[in-house]
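Here's a quick tour for anyone opening this structure for the first time. Have a look at the model, then read on.

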Amino acid sequence: MIHFRRDKLRFILAVGFLIISISLVLRLLDNPELQLGDIMERSMGGENSVKLKPDHHNDGPSAVKCGLAAPCPKNDFAFKIASGAANVVGPQICFDGKIIIEKQASKNHPGITIVVIEEATGELIKTGSYNMWNGDVTELIHFVNSTESGSLVLMASYDDPATKLNEEARQLIAELGSAYISNLKFRDNWVFVGGKKTIVKASFEQHLKNERSTNKYEAWPEMIEMEGCIPRPD
Ligand SMILES: *[C@@H]1O[C@H](CO)[C@@H](O)[C@H](O)[C@H]1NC(C)=O
């Protein structure tokens with residue numbers, strides 16, 4: 001009775017499949033953070049194979065500095081800069097694995113936020129944040145002009161970086177390597193990395209114009225994120 005045996009076999013397979021499915025569902029319910037793949041792996045390879053998987057929630061020493069898409073060459077400084085988003089989320093500047101300006105900190109000033117790094121060591125020298133909507137541009141001018149030679153300078157806009165920016169200030173920022181600063185206008189988004197008389201001529205810059213027709217947020221363009229690697233001088 002071949003037919004009978006085949007049906008019996010099917011029945012056994014179906015019951016077996018059902019039991020496995022139920023046990024998977026129960027485990028998922030038990031620990032909703034587990035992914036199905038993890039359970040399969042755990043069922044088949046035991047606990048150890050799960051532990052070997054990288055933990056994306058943990059910024060351990062093996063994590064890529066500043067969260068770059070790909071790690072920098074071993075001796076380079078990694079950086080990542082985000083301009084502000086609308087007038088809600090402040091700018092963020094990360095250098096060599098350290099978040100120096102943190103998004104949504106309470107000190108988010110509209111305008112231009114600046115981080116100055118000693119090129120030779122990668123050490124933080126100073127930070128500044130200048131309100132370019134109704135602040136005093138002479139403070140920004142003094143900050144940039146008094147920056148020592150051999151400094152990397154990282155800048156990010158938030159809300160409005162341009163209204164108070166005069167020719168003198170634009171000239172000083174152009175001397176750090178910015179090609180766009182002379183065109184920067186009301187509520188443009190802008191991120192920049194340059195330097196004052198550095199050995200390595202680092203130059204990174206991105207901008208988004210504030211235009212109603214293309215803005216992501218009605219009165220503001222989309223946030224900009226820029227990342228890169230700056231070679232350390234020998
Ligand atoms: C920058 O500082 C020097 C002195 O350190 C001064 O002579 C010069 O006028 C300053 N430039 C600006 C644009 O403020």
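Start with Val144: setting aside neighbours within four places in sequence, Val144 is in contact (heavy atoms within 4.5 Å) with Ile114, Met155, Leu172, Leu176 and Lys196. Keep in mind that this is a predicted model, where local features need pLDDT of at least 70, side-chain atom pairs count only at pLDDT 80 or more, and totals for chains, interfaces and linings use all residues. Residues are numbered from 1 along each chain as its sequence is written, and side-chain values use heavy atoms, leaving out hydrogens and water.

**The cores**
- Val144 is also one of the residues touching the most other members of the largest nonpolar core, which has 23 residues; Ile112, Leu140 and Trp190 are also among them.
- A nonpolar core here is a set of buried Ala, Val, Leu, Ile, Met, Phe, Trp, Tyr and Cys residues joined through side-chain atoms within 4.5 Å, and buried means under 20% relative accessible area (1.4 Å probe, protein chains only).
- The largest share of this core, five residues, comes from α4.
- Apart from it lies another core, of 17 residues, including Phe95 and Met226.

**The sheet**
- Five strands make an open sheet in the order β5-β4-β6-β7-β8, with antiparallel pairing; strands (E, at least two residues) and helices (H or I, at least four) are DSSP runs, numbered from the N terminus.
- Strands count as paired if DSSP finds at least two bridges between them; β7 and β8 are joined by five.
- At the edges sit β5 (124–130) and β8 (204–208), each pairing on one side only.
- Phe192 stands opposite Glu205 in β8.

Key:
Buried means under 20% relative accessible area, exposed over 50%, partly exposed in between (1.4 Å probe, protein chains only).
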